[in-house]
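This report goes through selected features of one structure. The sequence and the model are shown below.

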Amino acid sequence: MPPTADQVAAASALWSAAAAVLAAGAPAAGAVLQADLLRAAHTARLAGLLRAEAAALRTVRGLRAARARYDGHRTADLVAALRELLLVSARLAAADPDPALLGTGRRDYRPGGSLRVLGLCREPVISATGYGGVVTHLLAEDGRRFTVADVKPGGPARARGAATAPVALSTALNHAQLARGGLLISGATVSPDGRLGAGRSVRAHPVPGVPWSAEPVAALFARSPAEAVAAALAAADDDGGDGSGGGGGGRGGPEQLIGCDLLVIGASGDRLTTRRLDSGTVVRLAPASHHPDLAHTANLRLLGSRPGLHLRVLGRPDLDRTATLRPLAVGPVPGSTATLRLPEEWLGRADLGYDRLQGAQLPPAAECPSPPEAPTGLDPLADSPLWRVRRLVELAVTGGRRAAAEAGRGSAAAGQGAALRRTGFPVAAGLAAALTAEADRRGRDVFGRLTDPGPDRYARAWLAAAVHLTTAERAVVRTSWSADGPS
């Protein structure tokens, strides 16, 4: 059903506040504009527009991080939040009946019956808002994926301690044991995003785990990564681009984890270049977290020191980069001698955030096949002509309307438009030109004095360019995971 009149009014107010922030730019979006946006977000929540409210709160956090120049701030995150906010509020203000636009809050756990779940890996959680803990990923016998989380205020120390803390479902196991074991649960309660609850009626008993080479876990590594990434991209679009479910933040659901068997080619800093053993497609591995209290970076550097190593990887695809995986755990490739040699008690997997790999766990260099040469081609996304549009879209957010107008003046702007058309991006060129033209549009009052026009038309021009850019970039990311995609 279409949104109510109150919801349309709330969405219109949210659009106006967001458009004013965009026109001002992050440096000028101070306390007044942020207060206007927060007031509109509160009204949106009262009207049941939870997805729009969540995007507004992410935008305010991004503005504050940008203005304070926090180390962890990324302009791309602020751009994504503002794009989501403007897109959702514009569609709601136009009475779009799509129920996904309303979003969902934290929903109650529902009965899940009896389950037998097997541990996959542990994922450390250290949030920018001071929370820390661990999420243990689980797999049911029918292929469904679940998580058990222990995340509370505490930051890095809490994340380290939670790695071996008792599991709420069963005090007989801690998270380290569950990641390599399993549970037989009766009276299970499950949230819509796959989290297992620990209600009074829940009973859980430990069961032996299985290695990654045994079913049903082995099926994760038989699934096509291209298919899994396409599903993750579709889910990101439905959730507002961040995997949060429209309810306010998140790390991405358990369904986003994909498995690959890879051949290590080499390392560049803390990143690895690999090839899939089944297709030869290049896959880049990047740390899931750079926090110094976690072992991700050190483990990847050690793995990169042994070119030719065969590696089974379970991780989350980076949807903003071509064929890039952020691994959570690694293990040996079945049937290969040029692979990891992990302790028997690890059950064939190492959690990269917690378990510290040692050189003795790598195969001798003589047993590793000579890897192919590292690819020398351009990155299909980073070096795409779309960088011109990306720079303009980000400049409009970091510098405001006046900065976008300046970018459209002179011969350089005309040259960029010609370059986009020449390389097959005529729509992107037209949208970029429309954005700079609207940014530079000035009216005059009855006395002939220049006046600043309202931000609505400018916000719509920016939104059109930003949405087109995101769609084009995700198409490149999706293609890069296919066997015959760019490498």
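The model is predicted: local features need pLDDT of at least 70, side-chain atom pairs count only at pLDDT 80 or more, and totals for chains, interfaces and linings use all residues. Residues are numbered from 1 along each chain as its sequence is written, and side-chain values use heavy atoms, with hydrogens and water left out.

**Sheet**

Five strands form an open sheet in the order β3-β2-β1-β6-β7, with antiparallel pairing. Its edge strands, β3 (145-153) and β7 (203-207), each pair on one side only. On average, neighbouring strands are turned by 35° against each other, direction ignored. Strands here are DSSP E runs of at least two residues and helices are H or I runs of at least four, both numbered from the N terminus; two strands pair if DSSP finds at least two bridges between them. Between β6 (residues 182-190) and β7 the antiparallel pairing runs over 5 bridges. In one of these strands, β7, A204 is the bridge partner of I185. Helix α5 (residues 155-162) packs on the sheet and touches β1 (110-126), β2 (131-140) and β3. The direction of α5 makes about 35° with that of β2. Contact means heavy atoms within 4.5 Å. Axes are lines fitted to C-alpha atoms, for helices over the stretch in contact, and angles run from 0 to 180 degrees between N-to-C directions.

**Helices α1 and α14**

The axes of α1 and α14 (residues 456-480) come within 9 Å and cross at roughly 80°. That makes α1 roughly perpendicular to α14 (65 to 115 degrees). On the α1 side, W15, A19, L22 and A23 meet D456, Y458, A459, R460, W462 and L463 of α14. The residues of this contact divide into 8 nonpolar, no polar and 2 charged. Ala, Val, Leu, Ile, Met, Phe, Trp, Tyr, Cys and Pro count as nonpolar, Asp, Glu, Lys and Arg as charged, and the others, Gly among them, as polar.

**Two buried residues**

Buried means under 20% relative accessible area with a 1.4 Å probe, protein chains only. The contacts in the table leave aside neighbours within four places in sequence.

| Residue | Helix | Relative accessible area | Contacts |
|---|---|---|---|
| A18 | α1 (residues 5-24) | 0% | L37, L82, L85 and L86 |
| N299 | α9 (residues 296-304) | 2% | L352, D355, R356 and L357 |

The C-alpha atoms of A18 and A459 are separated by 8.5 Å, although these residues lie 441 residues apart along the chain.

Note on methods. Buried means under 20% relative accessible area, exposed over 50%, partly exposed in between (1.4 Å probe, protein chains only). Angles under 35 degrees count as roughly parallel, over 145 as roughly antiparallel, 65 to 115 as roughly perpendicular and the rest as oblique.
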